[in-house]
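Please read it with the structure open.

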Amino acid sequence: MGGKVESFLSDNCPPMGIYETLYAFRDSFGQFMGTEGTHPWSQGFPLTTPLEKFGGPSLPSSVDVTPEDRFYPKAWGHPALREAIVDYYNSRYGSTITPENVMIFAGGRPGIYTVMAFLKEHVQVSIGNIEWPAYLDIMEQTNTKYQIVPFTKENNFHPSNASYYDRTGLDPDTCMMPVISNPQNPSGQTRSGEELRELIEMAEQPGNGILLDEAYEMFHSPSVSGIEFVQDLDNSNVFIAGACTKGLQSPGIRIGWMIASKTNIETMANYSSFGMGGVSHPSQHYAVKLLEPNRVKQARKAVEEHYNWQRERYGKAFEEMGLGVYTGNGGFYHWLELPEGMTSGELNKRLFKRGAAILCASDCDMARPHSKDPSYVTPYERFFRFSFGPLLPETFESDIQLFKEVFDDYRLEIQGA
Ligand SMILES: Cc1ncc(COP(=O)(O)O)c(C=O)c1O
């Protein structure tokens with residue numbers, strides 16, 4: 001006896017990069033990000049209060065819970081919520097999905113994790129060199145095979161659709177499954193119109209599929225979904241992920257969904273029957289309220305206008321400061337480059353002291369080793385993601401003032417060195 005017991009669990013399970021920034025912030029500033037006086041520019045959540053300036057509707061404050069709601073939920077989701085999601089997509093995007101094409105999850109992440117966990121051996125993911133940090137953790141933990149699609153200044157951080165289906169050097173029997181957030185986290189680059197039509201057309205070719213993550217669907221003019229262009233969902237490996245997390249302003253209710261062929265939905269529902277047990281009824285009822293047709297129309301318009309306005313004015317301010325702005329026209333993040341000699345890691349250390357933080361682009365680098373390797377140098381050292389998702393309209397001037405002070409001090413320091 002004696003000695004330390006070895007954990008039975010994996011040694012390679014660090015928290016997602018964003019959480020690491022949060023812990024480093026707390027260690028430096030002495031308080032958690034989000035407490036009063038902090039500036040959550042690293043955080044990926046939206047405002048959870050009505051967007052009054054643009055006529056945003058109120059958010060439901062309660063749901064009824066009946067004895068039936070205390071039963072076990074259905075593995076695939078509550079019929080009322082599946083129906084509400086079907087109505088939402090079919091009325092907004094002219095699609096013809098049915099409730100059997102919808103599977104409910106406890107947020108966006110569990111749906112994405114499930115799809116990746118059940119991919120067959122010969123299915124290979126292709127993923128942008130920068131993407132939402134969680135994808136890397138999910139791919140690692142599910143032993144998903146993946147290849148990286150270049151994201152560079154030369155391609156304006158917006159590679160062609162075809163580059164996601166590049167089979168060079170692969171076994172001809174390999175099936176290709178791009179994973180793309182659209183609008184993209186972290187860059188805001190968005191595929192819409194003809195470009196999105198082409199992407200979906202490619203995804204429906206034999207041997208191809210796609211996991212199109214539309215968490216930021218409403219943060220674009222107009223809102224954007226690949227479902228608009230899907231020809232034969234039931235005969236495809238198209239997976240479209242959605243959630244109440246961003247556009248419906250409710251990350252805390254933990255409701256997300258996957259839209260896919262009936263066959264693929266059945267597999268996920270079977271998994272739910274033994275691995276998940278369905279999703280909370282009160283949360284699903286809340287989501288039905290959020291999706292009430294008149295409410296959702298009003299909400300979509302307000303989200304689009306509020307965040308377009310914020311994207312534009314923050315972008316202009318960053319440009320005036322001398323940062324490189326490579327943001328696309330969607331989402332609620334700016335994708336920014338520091339001048340030569342500076343790094344986003346060093347910028348963050350200085351921001352931490354003032355109660356602020358950004359997300360270093362290295363956390364979004366899908367080509368980095370998952371287990372930390374100090375010898376790896378990311379090609380995105382000077383890049384970072386600035387989130388204006390949680391920022392109230394009235395903090396714009398003070399946010400820019402604070403950022404500028406820290407940035408100018410750091411720049412002077414570099415120039416004087
Ligand atoms: C690209 C992307 N997909 C999905 C999600 C959904 O996350 P959640 O599991 O909180 O619904 C997020 C949230 O940050 C995201 O940025």
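1. Basis. This is a predicted model: local features need pLDDT of at least 70, side-chain atom pairs count only at pLDDT 80 or more, and totals for chains, interfaces and linings use all residues. Residues are numbered from 1 along each chain as its sequence is written.

2. Domains. The protein chain is assigned domain 1 (17-54 + 304-416) and domain 2 (67-295). These bounds come from an automatic or database domain assignment. Over C-alpha atoms, the two domain centres are 26 Å apart.

3. Domain contact. Domain 1 puts 29 residues in contact with 31 residues of domain 2. Contact means C-beta atoms, placed from the backbone, within 7 Å. On the domain 1 side, helix H1 (17-29), helix H8 (293-321) and strand E9 (333-337) each give two or more residues. H8 gives the largest share, three residues. Helices (H or I, at least four residues) and strands (E, at least two) are DSSP runs, numbered from the N terminus.

4. Ligand. The ligand is surrounded by 13 residues, counted when the C-beta atom, placed from the backbone, lies within 6 Å. The closest are Gly107, Gly108, Arg109, Ala215 and Thr245.

5. Sheet. Four strands form an open antiparallel sheet, ordered E8-E9-E11-E10. Strand E8 (324-325) and strand E10 (359-360) are at the edges with a single partner strand each, so one side of each has no neighbour in the sheet. Pairing requires at least two DSSP bridges. E8 and E9 are joined by two bridges. Glycine 324 lies opposite glutamate 337 in E9.

Methods
Two residues are in contact if their C-beta atoms, placed from the backbone, lie within 7 Å.
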